[in-house]
Amino acid sequence: MAHTIALAGNPNSGKTSIFNELTGSTQYVGNWPGVTVEKKEGYVKGDKRHIIVDLPGIYSLSPYTLEEVVTRDFLIDGKPDLIINVVDATNLERNLYLTTQLIETGIPVLVALNMFDVIKKNGDLIDTKKLSGLLGCPIVETSAVTRVGLKELVKTAITMVEQAESGGKPATFSAPVEKTVTSIMHLIEGKVPPETLRWFAIKLYERDEKVMQRLTLSEELHHQVASLVESSETAMDDSAESIITNERYEYLTNLTAKCHKRARQAGSLSTSDRIDRIVTNRFFALPIFFLIMWGIYYIAIQTVGDYFIGGIEWLFGDLIGENLAIGLERIGTSAWLVGLVVDGIIAGVGSVLTFVPQMMILFFFLALMEDVGYMARVAFIMDRIFRKFGLSGKSFIPMLIGTGCTVPAIMASRTIENQRDRRMTVMLTPFIPCGAKLPVFALLVGAFFPHSAWIASSMYLLGIIAVIVSGVILKQTKAFSGDPAPFVMELPAYHIPRLKGVVIHMWDRGKQFIKKAGTIIAVASAVIWMLQSTSWSFQMVETQESILASLGRFIAPLFAPLGFGTWEVAVATITGLLAKETIVATFGIVLGLGNVAEGDPNLLSSIGAYFSPVSAYAFMVFTLFAAPCAAAIGATRREMQSARWTWAAILFQTGVAYVAALVVFQIGSLLFM
């Protein structure tokens, strides 16, 4: 029977890096049952007797966030054999706050004192032997970046599990508080497991609603507990929760004073502090951030990433597509089946996977920024702006990822603990232009605005404006009313990232994009091809006589007020649900203009019969805001966990797209036509 080891720690403590190092390629990712919080598990490298569960990064075991609830439910109900508590040694007192709560669960705790290389570099001294004695837990000095101490950490963990060692020493509070906690322990003795008796008593002292609901105590017992807590609050003139928080920090201040000596004098600035004076400056922060993102975007999309596109197109078009078509024809396969497989599924999947190199490069740089510690600063910077409009600072991270692809961006919203804020972020993130929309913009800009660089860049500005305006509007509704959840995040010290961890993070995001987008695109491609190639009697016909053409003629009047009321353009809005870049391919098919992927000049000259400059810009605006691709809609359904909310998001996005395009065309027609 495999032993379970839980990995717990504060965000940015290096927990994920240690998890990657300990498990390597044996890890797998899913969701915790019933919630969208990510669940990572993996076997210790070379040892399938021990499973490591990477718990969500949290600051405490209080029930304020979804991550905290998930973590403490797993610890109390799942009863792992050991907790490896990853502690940021550079912020010892704050990180040990969680440690004191983990010890109270009664589960054996092994402390990984991480970033110890930074402690030595700073000249600080931590007496780990004394600290271990005070906490009653073994401590291993580690560095996820340099891999120092990781072998010893695994060895110690396995020894503790196999010897079934007991837990550490719980934090001791002042005499009046200890008296009250002890009295509560006597009241609930026998009603909870002995090893968790103190933890439950403290939670009842704090008036933890979830714990009170969990324990089936009699009304008289509830009254006795409440009376004890009220007496303590009156005597100490504070709320019970604040009393416990203050007691913990009082305990930790005394504890760290005995074993931690700082080389840097109080008030002096560290290297990270000096950097933050510039990168988080009220005036310089945003320009610096946009400059960094421009550089990343330039490398990932316009230069290095762009070099790989031709190879992917050749792989799916010439190598796989043509050879598969030849092979199928040689064995006598029906023409319609060849077309379905080659022109439908292969071409459809290939059109999406063409962007994988760009996505991978983008994910690499985002993971690099996160590992260095800069992404925490970005969230801090944007929180100051977003909160003015009712959005959480955490909403910015998915939107940032959305500049590459909406699918992982929507999945990234799971880091937002407040369900209301998370749903709003899922609804608004697709307004940020993703890589799949760029071919549409490039086509129309090249045809109508070849000398106006601001036209394409205006899409990003419009996306940000739409997010802010929509956020203000949605906050006025009952479903989204209320202040955004508090955004608490410590700014970790800057450090040199470990390449292996960055690559694992990049591959984890890219793998999910390939698997989910590829599966949905394969099915949708087959459907679109069939609609483009068959009549209502399911006979092979020309595109003009196809089901898709008749559907286009049916919906075309809806788009007439927007300036693109022909069926050829209207039908592209349907195929755009497959993947936004297929809008360009659809124009090439239904307009009979050849290979649009290579920017055929016939297309650029002939497309003027279907657009004017104003209607072309209106179409760009509609494409920007309309419901995203099928893969993104699938991701929305997964994160919303509700068909009703998914449809609400689709209708809201399409409604914004229609109104925005209508305003652009109608006002633009008055001014420029």
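A contact here means heavy atoms within 4.5 Å. By that definition, residues 24 or more positions apart account for 73% of the contacts in the protein with a separation of 6 or more. The model is predicted. It holds 30 helices and 9 strands. Of the 673 residues, 54% count as buried.

**Strands β1 and β4**

Strand β1 (residues 3–9) pairs with β4. The pairing is parallel and runs over 5 bridges. Strand β4 itself covers residues 47–54. It is mostly covered, with 6 of its 8 residues buried.

Helix α6 spans residues 150–163. The buried residues of α6 are Leu-150, Leu-153, Val-154, Thr-156, Ala-157, Ile-158, Met-160 and Val-161.

Two packed helices are described by the angle between their axes and the distance between the axes. Helix α1 (residues 15–23) and α6 have axes that come within 11 Å and cross at roughly 75°. Angles of 65 to 115 degrees count as roughly perpendicular, so α1 and α6 are roughly perpendicular to each other. On the α1 side, the contact is made by Ile-18, Glu-21 and Leu-22. On the α6 side, Leu-150, Leu-153 and Val-154 take part. By class, this contact has 5 nonpolar residues, 1 charged residue and no polar ones. Leu-150, Leu-153 and Val-154 are also among the buried residues of α6.

**Helices α20 and α29**

Helix α20 covers residues 419–428, and helix α29 covers residues 630–640. Their axes come within 11 Å and cross at roughly 175°. Angles over 145 degrees count as roughly antiparallel, so α20 is roughly antiparallel to α29. Which residues make the contact? Helix α20 supplies Arg-423, Val-426 and Met-427, while α29 supplies Thr-636, Glu-639 and Met-640. The class count is 3 nonpolar, 1 polar and 2 charged residues.

**Helix α25**

Helix α25 runs over residues 567–575. It is mostly covered: 8 of its 9 residues are buried. They are Trp-567, Glu-568, Val-569, Ala-570, Val-571, Ala-572, Thr-573 and Thr-575. The charged residue Glu-568 is thus one of the buried residues.

**Positive phi values**

Most residues other than glycine have a negative phi, and most peptide bonds are trans.

| Residue | Phi | Location |
|---|---|---|
| Lys-79 | about 45° | loop between α2 (66–78) and β5 (82–88) |
| Met-115 | about 60° | loop between β6 (109–114) and α4 (116–122) |
| Ala-164 | about 50° | just after α6 |

Are Lys-79 and Met-115 buried or partly exposed? A residue is buried under 20% relative accessible area and exposed over 50%, with partly exposed in between. Lys-79 has a relative accessible area of 42%, so it is partly exposed. Met-115 has 8% relative accessibility and therefore counts as buried.

Methods: Residues numbered from 1 in each chain as written. Predicted model: local features only at pLDDT ≥ 70, side-chain atom pairs only at ≥ 80, totals over all residues. Heavy atoms only, no water. Axes fitted to C-alpha atoms, helices over the stretch in contact; angles between N-to-C directions. Helix = DSSP H or I, 4+ residues; strand = E, 2+ residues; numbered from the N terminus. Parallel < 35°, antiparallel > 145°, perpendicular 65-115°, else oblique. Expected span 1.5 Å × (residues − 1). Buried < 20%, exposed > 50% of the residue type's maximum accessible area, 1.4 Å probe, protein only. Pairing = 2+ DSSP bridges.
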